Amino acid sequence: MKGALTRLQTLLLTERHRLPLWLPVFIALGVLTYFQPLTEPAVWWALGGCLLAIPLLIMGWHRLEGRASGCVLLCLSLGFLAAWSENHRAPPMPELPRRAVMLTGHVQAVDMLPARVEGAPGGRRVTLSHVRFETWLDEGMAPLKRTLRIRLRDDDSLVFGPGNDLRIRALLEAPPFPVMPGARDLQREAWFGREAGTGRALGAATLVEDGGKVTATTTLERLRETIAARIAVVLPGSDGAIASTLLVGLSGGIAPKDREAFSVSGLSHLLAVAGLHLGIVMGLVVTTVRYGLASIEWTALRWPCKEIAVICGLLGGMVYVLMTGMHLPALRSLIMACLVVLALVTGRNAASMRGLAVAATVLLLTGPAVILGVPFQMSFAAVMALIAGYEVLRVPLRRLHGEGTVSRRFLVHVTTLALTSLLAGTATLPVSMAHFGEIQPFFVVANLLAVPMTALWVMPAGLLAVLLMPVHLERWALDVMGWGVDGIIWLADMVAHWPAARIAVPMTPGWGLALFLFGLCWLCLWSRTWRLLGIAPMLVGFLTPFFHSLPDVVITPDGGLIAVREGDQLLMSGQSRDAWFERRALEQAFARPVVSLPLHGETASGDLTCGEDGAAGVCVLTRGKHSVLLRVEDTTDGQTILPPEICQGMDLFVAVSPARSSCRGVPTIDRFAVWREGAVAVWMTDSGVRTLSDRQWSGDRLWVMRPGRHGVPNLPLAKEDER
């Protein structure tokens, strides 16, 4: 044992220059630790961990084990405290009116949406803050501390923008529960996103007189929307929507078919402003400024052209991040760019992996819930793989470059593009599988052409168009940009129609994704041969969706839909207000096409039998020695009692309506049960029938709403609170 510890200490000493890179990893583990319990954890042990870490660091600073243990304990505690603080600083989820209501609110942003029917005009969605409801119950209450996103009517022609106050009659909806235990949690996303819910307008919106306060934020939003509107005049349809996405970060107007083609072909990252776009913008600014200064003899001889160019590039990158909405991947890239520019200006080597570690630390401590989202996971996984990959491939690429002939340069360029797509795509593949339920096997081919077109054609023309907008000469530059966008759309559509362009993957368990990402960190953050040990957890995490046990039956949160896994299909029946969303989510989770369950007349499909003994709307699922009775259709709201002989020998009774007196003595899941417990999943094994509700999975955390999606009532302020 002592010899093993000595060897481990020796290895760590040889990797001492890489040890700081693990600090954000342990902060992330501390954040994840906070999210695991089913009840709100106490904060005292994390405070105690911080207090204990300080003497450990002081007394053990000159020994590796003392310094390492102190840093690990401190990072775990800081991650836990950051997550606890963000959670408890969030305002409570309000109780939204259940009926149509007249409301007023301050416009934060306006998103253009694609048309619901091809050829029809698109819609608009507004994000409102400081919302007040015009009801007798809400009179005198404080405005909502969370935002509402409301889709306006497609025929609403009101002209307004960020900073205005609107009055709308709308039907609101609170964030829904997950469609099944372990599925995407929209309530948690809304909680940390400071959202109260969504809605749709029932009438035309009107402007509130003397309402609206113009701030720097609203001014920036108006500028973004003005640029997007001028782009749409020259480039209507998806061309203009994609151009607006690249230049101002407004992506709501992209047609669903084009967004689908980009997703299937592995080009979705082009529609999410991130490091690629920021690098293109900064590279163009640096190149223009440096060549401009170098072309003037006086400045070339007297001024530090390189340093001035990189500083101008950083300023241009900051403006671009502001103009595109300050999304998380762009902010991460901007933090790294600041560190690289600082290193170049001071004459030091730009340590990219350390810059990534600093960016991750800043984001995790300021908004720790980002670790659960797709942008953070995909962005950091891709960049970490690229940095580590090119650390290893730098020497082979130099050999391939040789003496720098034209053919060699072209070969290196193509090889670099392919390696970049391969490294980033492989690192983010399990993240894509976990969140989107699919694999795109041809992403390397698509990126080989799409990325150079974006960097050398689309983005330069687009930036030039923005610069020409003040003098109204942007049309010709936008036309050139549109030709490039058309080429990328054609490429995405072509690759998307190739055979096996999309491979559906079942739901990935959370621990499988975490295991893969930890293995990726092990592989990328170390520099010696033992880094290859990270391949083992990466492989296990990658394979977990294919060996993870999926439920046999799922009852959706409102009890209206029942889904049965049967062979290579997902049989589904019932009615629900959110049926379209639930069907799509379950189809992705099971990686099976949804097929309507036949109900009328005696039917049989594998282990499922419906309509026996003349019982319409009643099915029996039998697997092994166990059977589940399913009442998938009931027009009497449970008033019709099932005959006792149907319930004999059943291990579980599932009904879309209240069970009432049907199947006494048999465990029951009905509409009332899912109202209290959320969605329920059922597994039928040789040892028996096991059920798991969303309430059992999610626990009683602050972001989990009460049964029926009820929030905290909005009450008028007390007199002492009004001061």
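**View 1. Domain layout of the predicted model.** The structure shown is a predicted model. Its domain assignment gives three ranges: domain 1 (1–89), domain 2 (100–213) and domain 3 (553–698). The centres of domain 1 and domain 2, taken over C-alpha atoms, are separated by 42 Å.

**View 2. An edge-to-face pair, Trp45 and Phe80.** The structure holds 19 aromatic pairs. Trp45 and Phe80 form an edge-to-face pair. Their ring centres lie 4.9 Å apart, with 65 degrees between the planes. Phe80 has a relative accessible area of 2%, so Phe80 counts as buried.

View 3. The ring centres of Phe376 and Phe380 are 4.4 Å apart. Their planes meet at 35 degrees, so the pair is classed as tilted. Both residues lie in helix α14 (residues 374–401). They are 4 residues apart, about one turn of the helix. Phe376 is buried, and Phe380 is buried too.

**View 4. An aromatic cluster.** Which residues form this one cluster? The members are Trp22, Phe26, Phe518, Trp522, Trp526 and Trp530.

**View 5. Arginine over tryptophan, Arg146 and Trp191.** Arg146 lies over the face of Trp191. The distance to the ring centre is 4.7 Å.

**View 6. Arginine over tryptophan, Arg690 and Trp683.** What sits over the ring of Trp683? The charged end of Arg690 does, at 4.3 Å from the ring centre.

**View 7. A nonpolar surface patch that includes Leu464.** Five side chains are labelled here: Leu464, Leu467, Val471, Leu473 and Trp476. Together these residues make a nonpolar surface patch of about 520 Å². Where does Leu464 sit? Leu464 is placed in helix α16 (residues 443–468). Leu464 has a relative accessible area of 34%, so this residue is partly exposed. Patch residues need over 30% relative accessible area.

Terms used:
Residues are numbered from 1 along each chain as its sequence is written. This is a predicted model: local features need pLDDT of at least 70, side-chain atom pairs count only at pLDDT 80 or more; totals for chains, interfaces and linings use all residues. Side-chain values use heavy atoms; hydrogens and water are left out. Patches are made of residues with over 30% relative accessible area and no salt bridge: like charges are joined within 9 Å, nonpolar side chains (Val, Leu, Ile, Met, Phe, Trp, Tyr) within 5 Å. Accessible areas come from the Shrake-Rupley method with a 1.4 Å probe; for residues, only the protein chains shown count as cover. A salt bridge is a side-chain nitrogen of Lys or Arg within 4 Å of a carboxyl oxygen of Asp or Glu. Helices (H or I, at least four residues) and strands (E, at least two) are DSSP runs, numbered from the N terminus. Buried means under 20% relative accessible area, exposed over 50%, partly exposed in between (1.4 Å probe, protein chains only). Rings of Phe, Tyr and Trp (its six-membered ring) pair if their centres lie within 6.5 Å; planes under 30 degrees apart count as stacked, over 60 as edge-to-face and the rest as tilted. A charge sits over a ring if NZ of Lys or CZ of Arg is within 6 Å of the ring centre and within 35 degrees of the ring normal. Domain bounds come from an automatic or database domain assignment.
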